[in-house]
Amino acid sequence: MVRAEGVHKSFGAAHVLKGIDLEVAPGEVFCLVGPSGSGKSTFLRCINHLEKISAGRLWVDGRLVGYRQKGDKIYELKEREVAAQRRDIGMVFQRFNLFPHMTALENVLEAPMQVKGETKAVAGERARRLLDRVGLGDRGDHYPARLSGGQQQRVAIARALAMEPQLMLFDEPTSALDPELVGEVLDVMRGLAEEGMTMIVVTHEMGFAREAGDSLVFMDDGAVVESGHPREVLSHPRHERTKSFLSKVL
Amino acid sequence: MSDPVDNAAKVPPEAIKAIPVRHYGRWVSAVLVLALLALLGVALSGAQIQWSTVPDYLDYETVLRGAGNTLLITVLGMLVGVVLGTLLAVMRLSKNPVVSSVAWGYVWFFRGTPVLVQLMLWYNLALIFPLLDLGFYKDEMNDVMTPFLASLLGLGLNEAAYMAEISRAGIQSVDEGQTEAAHALGMTGGRTMRRIVLPQAMRVIVPPTGNEFINMLKTSSLCFAIQFDELMKAVTDISSRNLAVMELLMVATIWYLVLTTVFSVGQFYVERYFQRGSARALPDTPLQKARRNLMTFSHGTGSGAKP
């Protein structure tokens, strides 16, 4: 589903990603963990081309992200083509980023109607179903400011699912939440995982990674330190760096 | 020793009846201001001006038509300014260097020259282009460039330069996460701007736009220099015939104050509307504020309690 080969990313002089190689299979729940500043969020943002990679290759569903290759030449995609690629990739942000001038339902309706040109009837039916599914069927007419953090993040998940994506990216979805609200968001994510959604999750929730994850990658300083099955890596870390990180967060 | 929480539950707290701080300064300043106003009144009543004629001119047909045209040119000029200004702001933020330079150059020119000069330039355009030839439309420039059109272009294009900067500030005030979220959903740049960014920028754009409106109402008086029949031209036309200069300037003053006051009130309520949902408490309406200020005199407790 997602394949990265030698992915590098620099912001000016800062070398944030130093050659990432990994592969995510369809239906897999792939967890990215590591200390802050390790580049895991940056890598996630490269997958839907919110950040341009500086070197290497990155494929989603067999297609290069943000570029087209012809022979040995590589061409930048047009804005419209990048937007088309992103339709099939849902993303959930740490700070929710709901549209504050729209109700919860309008947030979920926006992309299907504007991007896919669906009618209000078709999009509305799905939007209500999705809000029901994240447990907010009765909050459709609420503005984001009147929802709790956990509710906002669940609306954000529904908004991403409304585009019927093949792949979901989660960028620390519970880091901005009060501890007691983390559970309701993780429950929704667990449900998605059980249904076979391909998910890449940047998280500090080791419990979630252990239970729901199929693979786990530990990143530090822009590189993959170790990877494997979550239970394996979390219980028997091989590298010193992983051990010292896990001893602080577990 | 008893538990403090338990104790508090048993004995209800007694309401504090303190003697409020006396604000002597308010009384002194009130007396001083009243005295000065009285002096001004005395001076004006003894001035060599025929106050009795002022009300007669207020609803003179020429004056009413002038006030109407002032209003018309302000609304239309503002419309041109807002539409073109928003376009310029979006252009200015474009990644296309040519487009953003054009917007920069526009703002540089129109903000850098006085409105009066711009009005004169438009009005006298026939001096350098006697014929207007747009291919599909051909006419004498003097017939096309009426005082009305010259005023509209002068005020509107100048306003666009200011509105461009106001809109740009509004657009830049919207959190970057909003753009990212829209892009992640597959929305293109243009659609993101229209559907997501601009509606949110409005809250920042609206208050200074109200100010611009009131400014424009007054700036439009400059159009009398290019023969546009607005309020200022109406009163100068009359006073050049009957020589009641100050009387008619008073008429203009009153009309401008009426117009700006009406718009200030309108502006207040529009801003209040756009603050809904974002501000914790809506600001007081003028009536509520006046009531509260009067209370400070009768009770002595100031508005200091409420910032």
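Me: How much of residues 2–246 of chain A is helix and how much is strand, and how far apart are the end C-alpha atoms?

Reply: The model is a predicted one. Over residues 2–246 of chain A, 37% is helix and 28% is strand, and the end C-alpha atoms lie 26 Å apart. UniProt, in an unreviewed entry, gives this span the feature "domain: ABC transporter".

Me: What does UniProt place at residues 67–267 of chain B?

Reply: The record, again an unreviewed entry, places "domain: ABC transmembrane type-1" there. In the model that span of chain B is 78% helix and 3% strand, and its end C-alpha atoms are 20 Å apart.

Me: How many helices and strands does chain A have, and how compact is the chain?

Reply: Chain A has 9 helices and 12 strands. Its radius of gyration is 18 Å, close to the 18 Å that the globule rule gives for 250 residues, so chain A is as compact as a globular protein of that length. The C-alpha trace spans about 50 × 50 × 30 Å along its principal axes. Of the 250 residues in chain A, 55% are buried.

Me: What share of the contacts in chain A joins residues at least 24 apart in sequence?

Reply: Among contacts between residues at least 6 apart in sequence, the share is 63%.

Me: Which strands pair with S3(A), and in which sense, parallel or antiparallel?

Reply: S3(A) pairs in the parallel sense with strand S10 of chain A, residues 198–202, over 4 bridges. Within this pairing A:Val29 stands opposite A:Met199. S3(A) also pairs in the parallel sense with strand S11 of chain A, residues 215–220, over 4 bridges. There the bridge partner of A:Val33 is A:Phe218.

Me: Are the faces of strand S8 of chain A covered or open?

Reply: Both faces of S8(A), residues 89–92, are covered. A:Ile89 and A:Met91 are buried on one side, and A:Gly90 and A:Val92 are buried on the other. The partner of A:Val92 in S9(A) is A:Phe170.

Me: Which residues of helix H9 of chain A are buried, and how are they arranged around the helix axis?

Reply: In H9(A), residues 240–249, the buried residues include A:Thr242, A:Phe245 and A:Leu246. Seen down the axis, the buried residues of H9(A) fall within an arc of 95°, so they line one face of the helix. The face turned away from that side carries the exposed residues A:Glu240, A:Ser247 and A:Lys248.

Me: What covers the buried residues of H9(A)?

Reply: The cover includes helix H7 (206–212), S11, strand S12 (223–228) and helix H8 (230–235) of chain A. Among these, S11(A) is also a partner of S3(A).

Me: Why is A:Arg126 classed as buried?

Reply: A residue counts as buried under 20% relative accessible area. A:Arg126 has a relative accessible area of 9%, and is therefore buried. Its place is in helix H4 of chain A, residues 120–133. Leaving aside neighbours within four places in sequence, A:Arg126 is in contact with A:Pro112, A:Glu118, A:Ala162 and A:Glu164.

Terms used
Residues numbered from 1 in each chain as written. Chains lettered and ligands numbered in written order. Predicted model: local features only at pLDDT ≥ 70, side-chain atom pairs only at ≥ 80, totals over all residues. Heavy atoms only, no water. UniProt positions renumbered as here; feature names shortened; annotations may be inferred. Helix = DSSP H or I, 4+ residues; strand = E, 2+ residues; numbered from the N terminus. Buried < 20%, exposed > 50% of the residue type's maximum accessible area, 1.4 Å probe, protein only. Pairing = 2+ DSSP bridges. Contact = heavy atoms within 4.5 Å. Rg over C-alpha atoms; globule rule 2.2 N^0.38 Å. Arc of directions from axis to C-beta.
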